Amino acid sequence: MDKSQLARAGVDKAAQRGHDIRQEDAEQLIDALFGTVDMAGVIAEALKHDETVVVGSFGRFRADGGSAAFQPGKALTEYLHGTTP
């Protein structure tokens, strides 16, 4: 899934919940969070400052010796193992 597909899926999921989000806005938000070649995103900036970024039950990003590490949250792990809907 590339950025455009991720944005489209997010727009569709938001619409299912009654929210109207434009594809362009979703793509700009993804860029702001994750960054681009020209600009670091919010997550990268936080990690550079030794902050941990927790995204609800999805998981957490943290700096680990100059690299980024991701630890999935309990809900994501259970979903991937097929133990939750």
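User: Which residue of strand 2 is the bridge partner of Val54?

Analyst: This is a predicted model, in which strand 1, residues 53–55, pairs with strand 2, residues 59–64, in the antiparallel sense over three bridges. Within this pairing, the residue of strand 2 that bridges to Val54 is Arg60.

User: Which residue in the turn between strand 1 and strand 2 has a positive phi?

Analyst: The two strands form a hairpin that leaves three residues between them. In that turn a positive phi of about 45° is found at Gly56.

User: How many bridges join strand 2 and strand 3, and which residue stands opposite Gly59?

Analyst: Strand 3 covers residues 67–72 and pairs with strand 2 in the antiparallel sense, over six bridges. Their hairpin has two residues between the strands, and Gly65 takes a positive phi near 60° there. Gly59 belongs to strand 2, and the residue opposite Gly59 in strand 3 is Pro72.

User: Is Gly59 buried or exposed?

Analyst: Leaving aside neighbours within four places in sequence, Gly59 is in contact with Val53, Val54, Phe70, Gln71, Pro72 and Gly73. The cut-off for a buried residue is under 20% relative accessible area. Because the relative accessibility of Gly59 is 5%, this residue counts as buried.

User: How far apart in space are Gly59 and Gln23, C-alpha to C-alpha?

Analyst: Gly59 is found in strand 2, whereas Gln23 lies in helix 2. The two residues are 36 apart in sequence, and from C-alpha to C-alpha their separation in space is 25 Å.

User: With the side chain of which residue does the side chain of Gln23 make a polar contact?

Analyst: Once neighbours within four places in sequence are left aside, the residues in contact with Gln23 are Ser4, Ala7, Arg8 and Val11. A polar contact between side chains, at 3.2 Å, links Gln23 to Arg8.

User: Which element supplies the largest share of the lining of the largest pocket?

Analyst: The largest pocket has a volume of about 660 Å³ and is lined by 21 residues, with Leu6, Gly10, Ile30, Leu33 and Phe34 lying nearest its centre. At least two lining residues come from each of helix 1 (3–16), helix 2 (23–34), helix 3 (42–48) and strand 1. The largest share, seven residues, is supplied by helix 1.

User: How many residues of that lining are nonpolar?

Analyst: The lining of the largest pocket includes one polar residue and three charged residues. The nonpolar residues in this lining number 17.

Terms used
Residues are numbered from 1 along each chain as its sequence is written. This is a predicted model: local features need pLDDT of at least 70, side-chain atom pairs count only at pLDDT 80 or more; totals for chains, interfaces and linings use all residues. Side-chain values use heavy atoms; hydrogens and water are left out. Two strands pair if DSSP finds at least two bridges between them. Helices (H or I, at least four residues) and strands (E, at least two) are DSSP runs, numbered from the N terminus. On a 1 Å grid over the protein atoms alone, a cavity is a set of points where a 1.4 Å probe fits but cannot get out, and a pocket is an open set with protein on both sides within 12 Å along at least five of seven lines; lining residues have an atom within 4 Å of a point. Grid points are joined across faces, edges and corners, and a volume is the space filled by probe spheres set on the points. Ala, Val, Leu, Ile, Met, Phe, Trp, Tyr, Cys and Pro count as nonpolar, Asp, Glu, Lys and Arg as charged, and the others, Gly among them, as polar. Buried means under 20% relative accessible area, exposed over 50%, partly exposed in between (1.4 Å probe, protein chains only). Contact means heavy atoms within 4.5 Å. A polar contact is a pair of N or O atoms within 3.5 Å; within protein, one must be able to donate a hydrogen and the other to accept it, and residues adjacent in sequence count only if both atoms are side-chain atoms.
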